[in-house]
Each structure stands twice: as C-alpha cells, then as structure tokens.
Amino acid sequence: MISNPSRHCTVELQALPSRIGQVRRIVSAQLRYWHLDALIDRAALGVTELLTNVHLHAQPDKTCTVELELLLDRLTVSVRDHDPTLPVMEVADRLATGGRGLALVAAVSESWGARPDGDTGKVVWFTLPALDVAGALPTVPVRHPVPEKVPRRFAEIEVDPVADPLDVRTPAHAPARSAVVG
C-alpha cells in the first residue's frame, strides 16, 4: 500500500531576478522536506532556467506559477506563465552569453517539454527520477569516463606502525576541508 502517492507544492510569483533566488531556496527546502536531497541541485538549476526564460521572454506580464509534484517515483517541476509562445531550444553560438537555458534543462533532466495552457499561456516542465531501480534515491549520472587509476585518499594509505612507528605519510595532494555548514 502506498501511504503518500502524491506530494504537491505550488508557488506563485513575479519572475524577477530577486524572486528567482527565493524560489530556488523554496524548491531546495521542499525537496529536503520530502527527503529528496539528491535532486536539489538539478531541480534548482532547472527551475532557475525556466524562471529566467519567463523573466526575459514572457509577455504581457512576468506572473507565473512554479509547481513541484512528486508522484510515486517521478518529480515533475513545471512553470506556468501567461505568454502563449512556446519555447524553442536553439543552438547557441559558442561565444554567446545566453541561449543555453533549455539545453541545460534538457541536460539535467530525464525529460522536458512545453504545452499550451488555454489560449493565453503555457506550461514548461521537466522531470527527474525520484527513485532508482533499487528503490534508493538517485545519484547524479556519471557523464565522463572514470579514470582507470583513482588516487588513494589519505585514509587509504597503509602504514605499518610496527615497522615504522613514526612514519606519517601524507598524500601529495590532500583535499581541502571546510567547517562551514550549508
């Protein structure tokens, strides 16, 4: 039996730069509340790109609604605005400073799309898998080949305390650590 088959969150806003940051924080907090921490970065990036498109292109106003819906194993993030013009993913010139938003959404999501919403609006959406095949939270897919020889971490270096009790080896490069939470 499924105890919580659907979860839903809606935020209405003006797609202004200052509000987009607030919505990112709301999306992050909601996903944390739903125990979907692994999806926060991709969902926040996707919603930022969609809201930026509303800010830059939507007419006659910048009013929109962001909706998060978790239905079984799929998170759908959608942005509804009052401009009926459907977005088109274009190939941006490599020196262009914009024009890559929908390509980013496509890259971080499982699927995305746009549909008319009545005569005077549209909905642009993307989905993220909320569960992997084993029923655990998803991991970010590896898109680059893994190097054959992975450098060993400091904790993995073997030191024989009997043979050399004062030998404290350190790796050539130790990762930086931060004590700041957040």
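Reader: Which residues does Gln30 touch, leaving out those up to four places away in sequence?

Author: Cys9 and Leu68, where a contact is heavy atoms within 4.5 Å. Gln30 itself sits in helix H1. Helices (H or I, at least four residues) and strands (E, at least two) are DSSP runs, numbered from the N terminus. One caveat: this is a predicted model, where local features need pLDDT of at least 70 and side-chain atom pairs count only at pLDDT 80 or more, while totals for chains, interfaces and linings use all residues. Residues are numbered from 1 along each chain as its sequence is written, and side-chain values use heavy atoms, with hydrogens and water left out.

Reader: What makes Gln30 count as buried?

Author: Its relative accessible area is 17%, and buried means under 20% (over 50% is exposed, in between is partly exposed; 1.4 Å probe, protein chains only). So Gln30 is buried.

Reader: And His35, buried or exposed?

Author: Exposed, because its relative accessibility is 59%. His35 is in the loop between H1 and H2, and its phi is near 65°, positive in a residue other than glycine. Leu72, in the loop between S2 and S3, also isn't a glycine but has a positive phi of about 55°.

Reader: What about Trp34, which residues does it touch?

Author: Skipping residues up to four places away in sequence, Trp34 meets Arg7, His8, Cys9, Leu68, Leu70 and Leu75. Trp34 is also among the residues with the most contacts inside the largest nonpolar core, along with Val23, Leu31, Val47, Leu51, Leu75 and Val79.

Reader: How many residues are in that largest nonpolar core?

Author: 31; to belong, a buried Ala, Val, Leu, Ile, Met, Phe, Trp, Tyr or Cys must be joined through side-chain atoms within 4.5 Å. Its largest share, six residues, comes from H2.

Reader: How do you know how H2 and H3 are oriented to each other?

Author: Their axes come within 9 Å and cross at roughly 155°. Over 145 degrees counts as roughly antiparallel (under 35 is roughly parallel, 65 to 115 roughly perpendicular, the rest oblique), so H2 and H3 are roughly antiparallel. In that contact, Arg42, Leu45, Gly46, Glu49, Leu50 and Asn53 of H2 meet Gly101, Leu102, Leu104, Val105 and Val108 of H3. Those residues split into six nonpolar, three polar and two charged.

Reader: Which peptide bond is cis?

Author: The one from Gln59 to Pro60, with omega near 10°. Pro60 is in the loop between H2 and S2.

Terms used: Axes fitted to C-alpha atoms, helices over the stretch in contact; angles between N-to-C directions. Nonpolar A, V, L, I, M, F, W, Y, C, P; charged D, E, K, R; others polar.
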